[in-house]
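User: Hi! I'm new to this one, could you walk me through it?
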Amino acid sequence: MSAALFVSYSRQESPFADSLLDELEDRGFKVWMDYQSLTPARPWEEEICRGIEEANVVLLVVSKASIVSKFTSAEIETAFELKKRIILIIFEAVELPPWLQDCEWVDFRKSFKKGLNDLLKQLQSANEKGPAPQKGFAAPRLIWISFLVSLGVSSITLLAFWSLYLPYFLLPLPFRILKRDFNFFHIQLALIILPFALVISIFLKPGNSDSFGLFEVYWVLSVFLSFILVPLMLLLLRSKSMRRWGKPRASRPTFANPYRPNVEKPRSVTFTVDAAPEDKRYCDDLIKGMEKYGHRLEADAQKAEVAFVLISKYKTDTVYNPEVRIVYPVLLQATRGIDPKVERVQWIDFRRGLKNLDALAQLIPEPAKIFKALGIAPIGNQTVLPPIIHALVVYLILLGIFTFGSWGIAVLQLRQGVDLRDILFLSIGLIIVLGSVFLSAKSLINRKGRMASLRYLIPVLIFGVGVSELYLTIHISNVFKSLPKVEGDLRGGIILVNLLVYLIGLILLVPLTVWYWKDLRRWCPKRTKRKRRAA
């Protein structure tokens, strides 16, 4: 009979802990892990103590974060009091407190597979190996491969310095990989854009010489390598090893199981919704979805059987205590500073929209089935967006990159003696476009600011940015016409590329916006009326 295991870990290592949980459960172990095992409406301290009490072995995932965590410290203290067998899972080598230095240990730093096999052997019979490692950096082989590939990516990114966005995220990538801390969303997007940006970099060719010099050699080599290194880097970032290695925001997001129940008439449940005023559209649609299946919104929130808490940038806490009533945290967007009361329980994943609302309504009387179908580990700082918002952000970033590139190429090509007013007019157009693009992208990702409102976003995107792009394009064209030309001069090609990015992107976004209109409208926060100051 397989042993019952209790896993103690820090949220910073939740991707690793998730993988460990899956592997141990696949091998028949009964594993207690907080977000999957805490029972709604029961005191957590009692639940945790019971989990440790019923476990044969307590596994502590050792890392810098877990050693200083008050939650893991309390769990291990309880394990010592109950005289439980403790095995240290060495994820990072850190200085251990004296009471942990004599514990059994298994090293997972170099190989997850080998560490898992060693753990299985250790669970069968204790193997004395001396004191656990407390210093020294070690990483799996695939991490070192990723590091080397990222060095190559960084080296060719230098040619796309004009984009600003690409070097900002890709130049420090090797260092960030070793630190386990990078933004997966932006790194993935930057890698996809990189080959196209490098192709356009030919317009930065210095001078008008037709000779094939050092710049051309570097450019050809960079473009060629980009079509090898970029797909390889994307595959590595999405691998299981990299997901286990990275902190939550650096790990490939995992989503709720797309389970489709078939419960036409579930048991009626009374519910309440705890949401910020800005999330009112989400709240209203959630209520409609529940009432569609016969559930009833309870006027007296304290009498409701179930409480939904909509987690977003506007709401990270709740008045309801998950230890005394059934609380379902519903994650709408990435955020930080989550209330500890809801940070340790499993979350319902609605980051990509409310497409699973029917499944939620059908399974609401059965918490275990809800979490099995729609639940995720409580990871709050991953950047995950609904499809239409993702498309809009990508479009804005591309537009900003190519606009800045066209401006930079025009300025670099200006000869001494050209009227400085040309640079001034170009800079004014650039500031308007980049300001609008930057504010819009930032507001859309965070759901904060004026540009997160359709009232401002659509006019600014279509008219403000469009007019500025046209102005900038015409002026850049005039600048190039004033410069001496040589046979085969392609400098003006960047103008066509820039204009095509704006127009084609806008055309493609129209059907997407129509298709995902409800998601877009919900994502834009409901504007609340400002309270008038008392006279």
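This is a predicted model: local features need pLDDT of at least 70, side-chain atom pairs count only at pLDDT 80 or more; totals for chains, interfaces and linings use all residues.

User: Great. At what angle do H7 and H11 pack?
Analyst: About 150°, with the axes of H7 and helix H11 (residues 214–237) 9 Å apart. H7 and H11 are therefore roughly antiparallel to each other. Angles over 145 degrees get that name, under 35 is roughly parallel, 65 to 115 roughly perpendicular and the rest oblique. Axes are lines fitted to C-alpha atoms, for helices over the stretch in contact, and angles run from 0 to 180 degrees between N-to-C directions. Helices are DSSP runs (H or I, at least four residues), numbered from the N terminus.

User: Which classes of residue make the contact of H7 with H11?
Analyst: That contact has 11 nonpolar, 6 polar and no charged residues. Here Ala, Val, Leu, Ile, Met, Phe, Trp, Tyr, Cys and Pro count as nonpolar, Asp, Glu, Lys and Arg as charged, and the others, Gly among them, as polar.

User: And how far apart are the axes of H7 and H10?
Analyst: They are 11 Å apart, and helix H7 (residues 141–157) packs against helix H10 (residues 184–200) at an angle of about 40°. That is why H7 and H10 are oblique to each other.

User: Which residues meet there?
Analyst: From H7, Val153, Ile156 and Thr157 meet Leu191, Leu194 and Leu198 of H10; contact means heavy atoms within 4.5 Å. The residues of this contact divide into 5 nonpolar, 1 polar and no charged.

User: What about H1 and H6, at what angle do they pack?
Analyst: Helix H1 (residues 14–26) and helix H6 (residues 112–124) pack at about 50°, with axes 12 Å apart. That makes H1 oblique to H6. On the H1 side, Phe16, Ser19, Leu20, Glu23 and Leu24 meet Phe112, Leu116, Leu119 and Leu120 in H6. By class, the contact of H1 with H6 has 7 nonpolar, 1 polar and 1 charged.

User: Switching topic: how many cavities of 30 Å³ or more are there?
Analyst: The structure holds 4 of them. On a 1 Å grid over the protein atoms alone, a cavity is a set of points where a 1.4 Å probe fits but cannot get out, and lining residues have an atom within 4 Å of a point. Grid points are joined across faces, edges and corners, and a volume is the space filled by probe spheres set on the points.

User: What lines the second largest cavity?
Analyst: Its lining is Asp18, Arg243, Thr254, Arg351, Ile376, Ala377, Ile379 and Gln382. The second largest cavity has a volume of about 50 Å³, and its lining divides into 3 nonpolar, 2 polar and 3 charged residues.

Technical notes
Residues are numbered from 1 along each chain as its sequence is written. Side-chain values use heavy atoms; hydrogens and water are left out. On a 1 Å grid over the protein atoms alone, a cavity is a set of points where a 1.4 Å probe fits but cannot get out, and a pocket is an open set with protein on both sides within 12 Å along at least five of seven lines; lining residues have an atom within 4 Å of a point. Helices (H or I, at least four residues) and strands (E, at least two) are DSSP runs, numbered from the N terminus.
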